[in-house]
Amino acid sequence: MPASLAWTLSIVTLNAHLNRIHLLSPQPEAMAAFYARAYGMAVQEGLGVQAQALACVGPGRRVDISPGPANRLGHALFVFQDAADHERFARHAQALAPWERLEGPGWPQGCVQVLDPDGHRMVFGLASAGQADQALASAGVPAAMSQHFALRTQRIVEMLAFYEGVLGFTVSDRVLDNQQQVRAVFLRCNELHHCLALFAAPVTCFDHQSFETPSWNDLKHWADHMSAQRIPIDWGVGRHGPGNDVFFMVRDPDGNLAEISSEIEVCQPGRPVGLWKNEERTLNLWGRAIMRS
Ligand SMILES: [Fe+2]
């Protein structure tokens with residue numbers, strides 16, 4: 001049996017959570033100022049693992065930004081709370097190619113990095129108590145946790161095979177066109193509906209990141225906060241079909257979407273994969289949607 005198939009069959013979910021994402025930008029200072037203002041985060045220099053990185057940090061949420069092309073993910077960091085889950089994944093990762101062990105300031109214990117078919121760096125480590133990015137408080141806005149992100153890709157079949165078949169993410173929902181080709185897929189790495197979404201698109205780029213807030217009422221307060229900051233809502237308020245979460249999205253200075261979401265579906269083990277039509281209603285049950293292809 002191939003190692004990847006054995007891995008897929010050996011577990012139900014990875015049991016990892018998104019800790020932070022790292023974005024590249026031609027205007028990192030403007031981007032950091034935006035995330036600090038929009039999402040109630042503090043800008044920290046010298047915290048990120050990349051040269052010249054600015055770390056935007058709030059309780060349970062973090063975005064690192066460093067110089068580079070717009071609309072490009074640098075890395076995503078997932079952490080395991082449970083040492084046994086982490087050890088099992090780290091053992092598995094050593095069978096992957098290419099992979100690299102990451103050590104040093106800014107990385108949690110036991111980090112391994114793998115590259116997806118589009119060249120994105122996916123990093124997996126063990127959560128440690130008292131991390132600096134968990135300690136900073138933000139005043140005046142409700143709770144919101146780094147929860148998921150999405151990528152646009154020109155090779156969704158290969159990307160899906162990598163995340164599901166190699167890394168062991170679990171498919172929650174697929175979006176199919178009239179020819180039954182996959183146009184989008186939502187994958188989870190814990191009980192929440194998705195920690196990663198992939199959209200088939202004419203270009204390969206970062207799509208959005210999402211911060212999950214505890215309730216619909218909190219989402220309303222986040223919308224009022226955006227209004228007070230004169231940051232217009234670009235899409236929403238709506239409810240996604242896959243995930244059933246209520247949401248709105250704004251755009252950062254590079255044009256990346258950034259989301260506040262709530263009520264995302266909690267999946268039970270063995271939940272059947274959902275199938276959706278590739279139409280606006282799928283991406284927003286309440287109205288218009290941003291179609292990626
Ligand atoms: Fe999202």
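**Entry 1**

I began with N71, which lies in the loop between strand 4 (61-67) and strand 5 (72-80); helices (H or I, at least four residues) and strands (E, at least two) are DSSP runs, numbered from the N terminus. The model is a predicted one, in which local features need pLDDT of at least 70 and side-chain atom pairs count only at pLDDT 80 or more, while totals for chains, interfaces and linings use all residues. Residues are numbered from 1 along each chain as its sequence is written, and side-chain values use heavy atoms, with hydrogens and water left out.

I looked up the backbone of N71 and found a positive phi of about 60°, although N71 is not a glycine. I noted beside this that most residues other than glycine have a negative phi. With a relative accessibility of 26%, N71 counts as partly exposed; buried means under 20% relative accessible area, exposed over 50%, and partly exposed in between (1.4 Å probe, protein chains only).

I then turned to Q180, in the loop between strand 10 (170-176) and strand 11 (182-188), where I again found a positive phi, of about 65°, in a residue that is not a glycine. Q180 is exposed, at a relative accessible area of 55%.

**Entry 2: a cis peptide bond**

I checked the peptide bond from G236 to V237 and found that it is cis, with omega near 5°. V237 belongs to strand 14. For background I wrote down that most peptide bonds are trans.

**Entry 3: R239**

I stayed with strand 14 (residues 235-239), which also holds R239. R239 is buried, with a relative accessible area of 17%. I looked up its polar contacts (pairs of N or O atoms within 3.5 Å; within protein, one must be able to donate a hydrogen and the other to accept it, and residues adjacent in sequence count only if both atoms are side-chain atoms). A polar atom of the R239 side chain lies 2.6 Å from the backbone oxygen of N244, and a polar contact of 3.2 Å joins the side chains of R239 and E263. I also noted that R239 and N284 are 45 residues apart along the chain, while their C-alpha atoms are separated by 5.2 Å.

**Entry 4: two histidines in loops**

Is H120 buried or exposed? H120, in the loop between strand 7 (109-115) and strand 8 (121-126), is buried, with a relative accessible area of 0%. Its side chain is joined to that of D116 by a polar contact of 2.9 Å. Leaving aside neighbours within four places in sequence, I listed the residues in contact with H120, among them R72, L73 and M159; contact means heavy atoms within 4.5 Å.

H194 sits in the loop between strand 11 and strand 12 (196-200) and counts as buried, at 2% relative accessibility. I found a polar contact of 2.8 Å between the side chains of H194 and H193, and a polar contact of 3.5 Å between those of H194 and H148.

**Entry 5: helix 3**

In helix 3 (residues 83-93) I marked D85, H86, F89, A90, H92 and A93 as buried. They cover an arc of only 160° around the axis, which puts them on the same side of helix 3; the arc is that of the directions from the helix axis to the C-beta atoms. At the N-terminal end, D82 caps helix 3, with a side-chain oxygen 2.8 Å from the backbone nitrogen of A84.

**Entry 6: helix 2 against helix 6**

How do helix 2 and helix 6 pack, that is, at what angle? I found that helix 2 (residues 28-39) and helix 6 (residues 216-228) pack at about 130°, with their axes 9 Å apart; axes are lines fitted to C-alpha atoms, for helices over the stretch in contact, and angles run from 0 to 180 degrees between N-to-C directions. The two helices are therefore oblique to each other, given that angles under 35 degrees count as roughly parallel, over 145 as roughly antiparallel, 65 to 115 as roughly perpendicular and the rest as oblique. R37, A38 and Y39 of helix 2 make the contact with W222, H225 and M226 of helix 6.

**Entry 7: E280**

I ended with E280, in helix 7 (residues 280-283), which counts as partly exposed at 26% relative accessibility. A polar atom of its side chain lies 2.7 Å from the backbone nitrogen of A289.
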